[in-house]
Amino acid sequence: MKRFLRTAALWALLTISAALPAGAAAAEEPSLCLRQQLDCQADGTYTLTLQAWAAADTAPGPQGELIYTLDAAYTLGEDPDIQVYGVDKTHSGWGQVKLDLPGLQLTTDAATGTLTVTGFDYRTNAVSDKPRLDGSGRTTFGRKLVVRVEGIRADYAHTFGGCGVSAGTGGVCTRENPDTQPVCRATFPAAAADIPLRCTYAPADQTLTTEQEVNFGYMINPPGGGAGNMPDGKNNAWCTVCYTVSAAGSPVAEYTVPAGAPMSGGQWTLWPAEPCYTPGRYTVTVTLAAVNDPAGTQPPQGSARRLVLQTGALVKKAAE
């Protein structure tokens, strides 16, 4: 009886394995290798390098699409400098020659920061430690696709900056037909860079009538005109924003907005004195502080960890 049960269990296992999709076993080992790197240059621009190659002949052929979208904190600009080329694998590593491969097509969308590269045959160019002959009878170890984007800049319309700002997302995709949505076969691992903190700010002066209190909210978030950049939950995704109001050198109110929260999502970390009728000159300090560790050992020009802005606001009584 026991022998019968063991035989039945083995048969059931074989039956289940046979019912699995043909590609299920191959999915256990990645057939595509992707790498990305974002480096800050001496002029404050960034260079993005994407690399993709097949590690098995189960990878997609020329129908594979490399699709990549920059994080909103960066911008490609209207005329990005993009190089797309191949690099051969050698018996000892990667070659140094940039190969101009026929059939490669590049499209970019500056509005979304998305680039797409098609025409690279990942399957035919699969990388292996064992040499083989290519279609021309030459020895090959395979090759990789390289996309190098120079001149990327921080998009201060969408970010205050900070440390460890994500480069973007993407991968190698395929489609069943041109009209269907792409299906991602492999994704790029995370990469990040540091962006110097920056924002504009201008508090509002006030004129008080009799018995009217000083409105510290107006100093911190003016109701209109000269308000500068206010946290909206996206532009401050990588930093906290703290507003401090001082009188005669001593803080009298402080409002802190956490990273990723809008202005309304902040809180008073030092409640304003109630009531406060005192006219005079107030100092308003805005402090931006990065919430991530630096991504690089040499951050770009300017501070990506902490920025302190300071200006004044005048409160006076209305003439009677």
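**Entry 1: the chain as a whole**

I began with the contacts, counted when heavy atoms lie within 4.5 Å, and found that among those between residues at least 6 apart in sequence, 69% join residues at least 24 apart. I note that this is a predicted model, in which local features need pLDDT of at least 70 and side-chain atom pairs count only at pLDDT 80 or more, while totals for chains, interfaces and linings use all residues. Residues are numbered from 1 along each chain as its sequence is written, and side-chain values use heavy atoms, with hydrogens and water left out.

Of the 320 residues, 39% count as buried, where buried means under 20% relative accessible area, exposed over 50%, and partly exposed in between, with a 1.4 Å probe and protein chains only. The accessible surface comes to about 18,000 Å², and 52% of that area belongs to carbon and sulfur atoms; I note that the areas come from the Shrake-Rupley method with a 1.4 Å probe, and that for residues only the protein chains shown count as cover.

**Entry 2: the nonpolar cores**

I then looked for nonpolar cores, meaning sets of buried Ala, Val, Leu, Ile, Met, Phe, Trp, Tyr and Cys residues joined through side-chain atoms within 4.5 Å. The largest has 38 residues, of which Leu-66, Tyr-68, Tyr-74, Leu-115 and Tyr-122 touch the most other members. Two or more residues come to this core from each of strands E1 (32-40), E2 (46-54), E3 (65-70), E7 (114-118), E10 (143-154) and E14 (192-195). A second, separate core holds 27 residues, including Met-219, Met-230, Val-241 and Tyr-255.

**Entry 3: Leu-145 and strand E10**

Leu-145 is found in strand E10, and at 0% relative accessibility it counts as buried. Beyond four places in sequence, its contacts include Leu-50, Ala-52, Leu-66, Val-84, Val-117, Phe-120 and Tyr-122. I also looked up Leu-99, which lies 46 residues away from Leu-145 along the chain, and the C-alpha atoms of the two are separated by 9.4 Å.

For the partners of E10, I take two strands as paired if DSSP finds at least two bridges between them. E2 runs antiparallel to E10 and is joined to it by 6 bridges, with Thr-49 standing opposite Arg-148. Strand E4 (residues 74-75) is also antiparallel to E10, over 2 bridges, and here Thr-75 stands opposite Arg-153. Strand E5 (residues 81-88) pairs with E10 in the antiparallel sense over 8 bridges, and Asp-88 is placed opposite Arg-143.

**Entry 4: strand E16 and its sheet**

I turned to E16 (239-247), a mostly covered strand in which 7 of 9 residues are buried. It pairs with strand E19 (residues 280-290) in the antiparallel sense over 8 bridges, and 7 bridges join it, again antiparallel, to strand E17 (residues 250-257). Cys-242 has Thr-287 as its bridge partner in E19 and Thr-256 as its bridge partner in E17, while Tyr-243 stands opposite Tyr-255 in E17. The hairpin of E16 and E17 has 2 residues between the strands, and Ala-248 takes a positive phi near 55° there.

The sheet is an open one of 6 strands in the order E15-E20-E19-E16-E17-E18, with mixed pairing. Strands E15 (206-208) and E18 (267-270) stand at the edges with a single partner strand each, so one side of each is left without a neighbour in the sheet. The twist averages 25° from one strand to the next, with axes being lines fitted to C-alpha atoms (for helices over the stretch in contact) and angles running from 0 to 180 degrees between N-to-C directions.

**Entry 5: Asn-235**

Last, I looked up Asn-235, whose place is in the loop between helix H2 (216-220) and strand E16. Asn-235 is buried, with a relative accessible area of 9%. Leaving aside neighbours within four places in sequence, I find Asn-235 in contact with His-158, Thr-159, Phe-160, Gly-161 and Met-230, and Met-230 is also listed in the second core.

Technical notes:
Helix = DSSP H or I, 4+ residues; strand = E, 2+ residues; numbered from the N terminus.
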